Amino acid sequence: MNSRQFLLVSVAFCVSSCTPLAGVQEEGDVGGNVPEFSGPHASQMAEDYRTSDSPFFRQVIADGQVTEAEYWEARDREKKCLIEQGFTGVEFLADGTSSVDVRSDISDDEQMEIIDTCSKENGSDLISIWYHLLATNPDNVDWPSAQRDCLVKAGVLEPGTTVEEMNRWYDEKGKGSDSRAAHVCSEDALGKLGLK
């Protein structure tokens, strides 16, 4: 990334440890016609479906899944929106990261507001989160504990380390916190993606 690009939030990095965020507008409620979701993520899916203001997101998540094709369609919709708003150099990569060239004609705050709007209106914010969450944590296990266990198994943290100690280790950039093993455990603590 150079000084002419924003690096957009890496959904893949966040999603494994972040709870999906519900939409911000009650107008997204579709009259209570929420599908009967099942499985470990059912209640959060129902909440996101009910509160999202994106018809495309509701269409995608209605079956309780997000396919790779749906994920990339959401990204394509977001990219189209950004281009229509005057952005260039819009890239979405398979690892969940993305970037866009900085516009010099508007402020950084205005740019981030447009980027955020394009993501939410097209549903790509929630679709990206759910795509990665369902791939990395399909059984909805306690992610921080799984991440800690992964780090212990990799020999980066000592056996008996608590989640709180792990969080402090990350915050204080402890020895090994920037290692490949630490990255893999934050992205793929359960080994579902096969990261090495």
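Throughout these legends, a residue is called buried when its relative accessible area is under 20%, exposed when that area is over 50%, and partly exposed in between, as computed with a 1.4 Å probe on protein chains only. The structure shown is a predicted model, in which local features need pLDDT of at least 70 and side-chain atom pairs count only at pLDDT 80 or more, whereas totals for chains, interfaces and linings use all residues. Residues are numbered from 1 along each chain as its sequence is written, and side-chain values use heavy atoms, with hydrogens and water left out.

View 1. Gln-147 lies in helix 7, which spans residues 143-153; helices here are DSSP runs of H or I with at least four residues, strands are runs of E with at least two, and both are numbered from the N terminus. With a relative accessible area of 8%, Gln-147 is buried. Contact means heavy atoms within 4.5 Å, and once neighbours within four places in sequence are left aside, Gln-147 is in contact with Met-166, Tyr-170, Cys-185, Ser-186 and Ala-189.

**View 2. The largest nonpolar core and the contacts of Phe-57.** A nonpolar core is a set of buried Ala, Val, Leu, Ile, Met, Phe, Trp, Tyr and Cys residues joined through side-chain atoms within 4.5 Å. The largest such core has 16 residues, and those with the most contacts inside it are Phe-37, Phe-57, Ile-61, Val-66, Ile-127 and Trp-130. At least two residues of this core come from each of helix 2 (42-51), helix 3 (55-61), helix 4 (68-84) and helix 6 (124-136), and helix 6 supplies the largest share, five residues. Not counting residues up to four places away in sequence, Phe-57 touches Asp-48, Tyr-49, Ser-52, Gly-123, Leu-126, Ile-127 and Trp-130. A second, separate core has eleven residues, including Trp-143, Ala-146, Leu-151 and Trp-169. In soluble globular proteins, nonpolar side chains tend to be buried together.

View 3. Helix 4 has 17 residues and reaches 24 Å from its first C-alpha to its last, which is close to the 24 Å expected at 1.5 Å a residue, the expected span being 1.5 Å times one less than the number of residues. Glu-70, Tyr-71, Ala-74, Arg-75, Glu-78, Cys-81 and Leu-82 are buried in this helix. Seen down the axis of helix 4, its buried residues fall within an arc of 140°, so they line one face of the helix; the arc is that of the directions from the helix axis to the C-beta atoms. On the other side of helix 4, Glu-68, Ala-69, Lys-80 and Glu-84 are exposed. Helix 4 is followed by Gly-86, which has a positive phi near 95°.

View 4. A salt bridge is a side-chain nitrogen of Lys or Arg within 4 Å of a carboxyl oxygen of Asp or Glu, and a search of the whole structure finds seven of them. In helix 4, Arg-75 forms a salt bridge with Glu-78, with the closest N and O atoms 3.0 Å apart; these two residues are three residues apart, about one turn of the helix, and both are buried. The side chains of Arg-50 and Glu-47 also meet in a salt bridge (3.3 Å, N to O), and because Arg-50 and Glu-47 are three residues apart in helix 2, they are separated by about one helical turn. Arg-50 counts as partly exposed at 25% relative accessibility, and Glu-47 is likewise partly exposed, with a relative accessible area of 30%. Asp-105 and Arg-103 are joined by a salt bridge between their side chains (2.7 Å, N to O); Asp-105 is exposed at 54% relative accessibility, whereas Arg-103 is buried, with a relative accessible area of 16%.

View 5. Two strands pair if DSSP finds at least two bridges between them, and two bridges join strand 2 (residues 91-92) to strand 3, the two running antiparallel. Phe-92 has Ser-98 of strand 3 as its bridge partner. The two strands form a hairpin with five residues between them, and Gly-96 in the turn has a positive phi of about 95°. Both faces of strand 3 (residues 98-101) are covered, with Ser-98 and Val-100 buried on one side and Ser-99 and Asp-101 buried on the other.
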